[in-house]
Amino acid sequence: MAPVQAQVLPPPPESGIVPEKIRDGIDLLINGEHYRHTGDPQMPLLWYLRDVLRLTGTKYAGEHGGSGADLVLLDGKAVSAIAQPLARLAGKAVVTVEGLAANDGSLHPLQQAFIDEDAIGCGYCTPGWLIAGVDLLRRKPHPGDDDIDQLPNLCRCGCQTRVRRAIKRAAAGKAGQR
C-alpha cells in the first residue's frame, strides 16, 4: 500500500467581491416566519402574500375587501389584506389561513369544525370565514347568532348556516367529535 500524502490546498485567490449592506426594508412576521420586504412600500399585503410568498389561501375580495375573503389576522385582529399597504406593517405579526394549523400539522379547532359541519362550499370564502371566526372566538368565546351574523363575510354558495354551526361547535369545544 502506498503511503498517503498530505494535500495542501492553495490559498484562495483574492476576490474583489464585497458584500452589500443589508437592504432597508419592511420587517414583518408572517405565520411565525420573519420576512423583509424591500420592494414598493405601498404594495398591498394581499399581493405580497399571494404573488411573492405564494401563500394563496387569502383571496382577492375586491379593491376594498368587502366580502371578507381577504381577511388575515394582524396582531390578532381580523383585517382586510388588500387594505393594508406593507408600509404600515413594519414589526407587525400576520397570520394567514395557512398559519392557523399547528406546526405539527394538527388543525385549528375551527378548521376541524368546518370539516365536521361540511361548512366548505366552493371554498373561495372559506379562508376569510376561518380568519373572521378565529377573531370572533378570541373576542367572544361563546358567540351567539347575532355575533356571527355581524361578521363581514359573504358566501354565494349558501354555507352560512353550516358556518354558524361550525363556529358554535368550535366554541363548545366539540370540534373533531361526532
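Predicted model: local features only at pLDDT ≥ 70, side-chain atom pairs only at ≥ 80, totals over all residues.
1. A residue counts as buried when its relative accessible area is under 20%. Leu-110 has 0% relative accessibility, so Leu-110 is buried.

2. What does Leu-110 touch, leaving aside its neighbours within four places in sequence? The contacts are Trp-129, Leu-130, Gly-133, Val-134, Leu-137, Ala-166, Ile-167 and Ala-170. One of these partners deserves a second look. Ile-167 is 57 residues from Leu-110 in sequence, yet their C-alpha atoms are 6.5 Å apart in space.

3. Leu-110 and Ile-167 both belong to the largest nonpolar core, which has 26 residues. They are among the residues with the most contacts inside this core, together with Leu-100, Phe-114, Trp-129, Leu-151, Val-163. H3 gives the most, with 7 residues. In soluble globular proteins, nonpolar side chains tend to be buried together.

4. Neighbours within four places in sequence aside, Phe-114 contacts Ala-119, Ile-120, Thr-126, Trp-129, Leu-130, Val-163 and Ala-166. A second core is separate and has 17 residues. Its members include Ile-26, Leu-28, Leu-46 and Ile-82.

5. What covers them? After H1 comes Arg-54, with a positive phi near 60 degrees.

6. Is Gln-111 buried or exposed? Gln-111 is in helix H2. Its relative accessible area is 12%, so Gln-111 is buried. Not counting residues up to four places away in sequence, Gln-111 touches Val-97, Leu-100, Ala-101 and Leu-130.

7. The surface has a nonpolar patch too. Leu-107, Ile-115 and Ile-120 form it, with about 240 Å² of accessible area together. Leu-107 lies in the loop between strand E5 (93-95) and helix H2 (109-116). With a relative accessible area of 39%, Leu-107 is partly exposed. Ile-120, another patch member, is also one of the contacts of Phe-114.

Notes: Residues numbered from 1 in each chain as written. Heavy atoms only, no water. Patch = residues over 30% accessible without salt bridge, like charges linked within 9 Å, V, L, I, M, F, W, Y side chains within 5 Å. Areas by Shrake-Rupley, 256 points an atom, 1.4 Å probe, with all protein chains shown as cover. Salt bridge = Lys/Arg side-chain N within 4 Å of Asp/Glu carboxyl O. Helix = DSSP H or I, 4+ residues; strand = E, 2+ residues; numbered from the N terminus. Buried < 20%, exposed > 50% of the residue type's maximum accessible area, 1.4 Å probe, protein only. Contact = heavy atoms within 4.5 Å. Core = buried A, V, L, I, M, F, W, Y, C linked by side-chain atoms within 4.5 Å.
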